[in-house]
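This report describes selected helices and strands of one model. Please keep the sequence and the structure in view while reading.

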Amino acid sequence: MTDLIGDIHGHADKLEALLVKLGYTNNNGCYSHPERKVLFVGDYIDRGPQIIKTLEIVKSMVDNGHAIALMGNHEYNALCFHIQEREGGHLRKHLIKNIIQHYETLKQFQNRQQEYEFYLEWFKTLPLFHETGSFRAVHACWDIKSIAYLQTVLVNNRLNDSLIYDSVARGSALYNALDIILKGKEIKMPAGFSFTDKDGTLRRKARIRWWEDPSHTTYSKIIIEPLEQVPELAIDNTALKDKSFYEPANIPVFFGHYWLKGMPELFKPNICCLDYSVAKRGHLVAYRFDGEMWLDEKKFLFV
């Protein structure tokens, strides 16, 4: 009996409204339900106007046993943005695009450095994925190989300082696994094709539907974002290094990350994305899970 909630990005008012709609009550600053528990799929910070309040709500629920909070790519990025390299600089470079991504978080923690560092330490306690006998949850992509590898190196499915340092080494097994589960799988666009993402960045790679078999399909059908300029071309066999996908027979998997638009809907009976762009005037979405093998769109709730 778990309520899974998508990316919040500092929209505490929407979070409180959704928790009330789900039947949670605020008792002495902590939301709880007599029979249910929340699982947050990550991305609590950046973009929104109430980042500190969002963190207070989520952390309080976790501390009191009423929620599990996973790490999202924004929490991971914040850690790398803050942690200094051993030879100087930071693990995540202070480039303009990176500063802009973290701007709202940094601004809202202005003159609250100690509190900011307190939450950064808390981020390290967040597991990267969660699995029970009846469902799985991850921020962006449940890739069987990546999860299996991470289970051999993480500490209780969590990062520590040493692993965070090692994780920024491009091309390493740790870097590749974290990149996939926190950001998703990508495909290189056909020659001559590119697109501009939601932040105005020019992209030549696009995120793919990692639950679809890429062997016999086209670029337009495998890419998550609805891009008009994507051609109906068969995928080049060299464009994807890994052709594995999340099988229809696997238990349900829940995730966020992808900035979907419109009304919540299921991609497949065992595939549920919960990110519907609350930070872009979309919905904050939850799914009420009660152990069913096949998910039901009637069990979405949102504000």
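In helix α4, residues N98, Q101, H102, T105 and Q108 are buried, that is, under 20% relative accessible area with a 1.4 Å probe and protein chains only. The model is predicted, so local features need pLDDT of at least 70, side-chain atom pairs count only at pLDDT 80 or more, and totals for chains, interfaces and linings use all residues. Residues are numbered from 1 along each chain as its sequence is written, and side-chain values use heavy atoms, without hydrogens and water.

The cover over the buried residues of α4 includes α2, α3 and α5, where contact means heavy atoms within 4.5 Å. Helices (H or I, at least four residues) and strands (E, at least two) are DSSP runs numbered from the N terminus.

| Helix | Residues |
|---|---|
| α2 | 51–63 |
| α3 | 73–82 |
| α5 | 113–123 |

Helix α4 also has a kink of about 55°, centred on H102; the bend is the angle between axes fitted to the seven residues ending at a residue and the seven starting there.

Helix α2 also meets α1: A12, L15, E16 and L19 in α1 touch K53, T54, I57, V58 and M61 in α2.

An open sheet of four strands runs in the order β6-β7-β12-β13 with mixed pairing; strands pair if DSSP finds at least two bridges between them. Its edge strands, β6 (129–131) and β13 (271–273), each pair on one side only. Strands β7 and β12 pair in the parallel sense over two bridges, and V253 in β12 is the bridge partner of R136.

Conventions: Buried < 20%, exposed > 50% of the residue type's maximum accessible area, 1.4 Å probe, protein only.
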